[in-house]
Amino acid sequence: MRPSRRALLTTATAAAVSATSTAAAAQRHRQLSTGFERLARDGYALLDGQKVGIVTNPTGITRDVRHIVDVMHADDRVDLTAVFGPEHGFRGTAQAGGSEGRYDDPATGLPVYDTYLKSGRPLADIFTASGVDTVVFDIQDVGARFYTYIWTLYDCMEAARLADKRFVVLDRPNPVTGRAALGPVLHKEFATFIGRQPIAQAHGMTVAELARLFNGEFLTEPVPLETVTMSGWRRSEFYDASGLPWVPPSPNMPTPETALVYSGTCLFEGTNLSEGRGTTRPFELLGAEGVDRRWAAAANELALPGVRFREAYFAPTFSKFQGKTIGGVQVHVHDRAALDPVRTGIALLVTAKQVWSGFAWRPDNWIDKLTGSTRVRTMIDAGADTDEVVAGWQEDLAAFRRTRRAYLLYR
């Protein structure tokens, strides 16, 4: 006797529910613990007897959204004596390209020192003046070479070495996974604060892994480095699997979905098109005056994996085209595991130039700083398609992937 359609549907539904429940139970069983959570659980033993300063920002929180500076300051087991703020500041009051300066934190009374755009001996002198023995780093990264917090990490490691300080990195997830490195590798002659050293545009590493890489490959001499790893994190997992609350690491990184596309669409900072700053969807909305439906159509014809493009119109409240209604695209990710954000960003540059006669690079060739060389810009100007541009960086990327492998901490 054949089972009824209702019986088959009931069985299938029960199996799906069972599988979902099993997966959820497995996730609960291996709940992720951040580096800070593991440090605190151990009674801050790693910092015992040390005067501690911490490099952090609003993302340095516990899972019940208390700031770790407030938690540590209230705990007699750790001697927290200073805070060091990066771009946007320790409490996050500054916009892109700004910081909070030197002040005393009203909540804790701790001195807050400004690290933004400081490096080498001047930054080492700040660490020395603060009187700390150990510098701790705990900031949420988003996985892109040009996101400045990883270069704050690099600069602080170098400065700690010069100032003869210990350095401790508390790890957090890479929100876009740590599966693979993607995109062009920086050429050293294009080094800036959005890329100090030759790593891939989407590096596929956590901050603790990057610290190990920096120490092993790029610092003039290694700093005394210790990393407090996460437990329960897998390289294949996106941020929502962590169970952690999301705090925007900077004003234009409002959600983990922004981070998904950022390593590709941030390239529009190097053009005369808006990268969506001044909208509720920065780096997902892109456009300019005179752009119309042809851009979305051209991008969709490429059938890029994991993503579709919608004709969109928007009026940025600040930055490029402030207060003007402009046309462009909205990037819609429908399969984040299949998405290659860097390839997607290149495809959008290529198609924008094809369909809009007003397309131009920023006069200072900022695109070269973002991509790490002149290659992307000159190839697109010469009429190369997306596949040709992407092929141009594969040899450098393969070499970086080989180097990167030795410094990974998680499966």
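Tyr313 counts as partly exposed, because its relative accessibility is 47%; buried means under 20% relative accessible area, exposed over 50%, and partly exposed in between, with a 1.4 Å probe and protein chains only. This is a predicted model, where local features need pLDDT of at least 70, side-chain atom pairs count only at pLDDT 80 or more, and totals for chains, interfaces and linings use all residues. Residues are numbered from 1 along each chain as its sequence is written, and side-chain values use heavy atoms, with hydrogens and water left out.

Tyr313 sits in strand 11, residues 307-314; strands are DSSP E runs of at least two residues, helices are H or I runs of at least four, and both are numbered from the N terminus. Tyr313 touches Val291, Asp292, Arg293, Thr325, Ile326 and Gly327, leaving aside residues up to four places away in sequence, where contact means heavy atoms within 4.5 Å.

Now the core. A nonpolar core is a set of buried Ala, Val, Leu, Ile, Met, Phe, Trp, Tyr and Cys residues joined through side-chain atoms within 4.5 Å. The largest one has 101 residues, and among those touching the most other members are Phe127, Trp295 and Leu348. Helix 5, residues 149-162, gives the most to this core, with nine residues. A second, separate core has 21 residues, including Leu80 and Val228.

Back to Leu348: which residues does Leu348 touch, not counting those up to four places away in sequence? They are Thr265, Phe268, Leu286, Trp295, Ala299, Phe309, Val329 and Val331.
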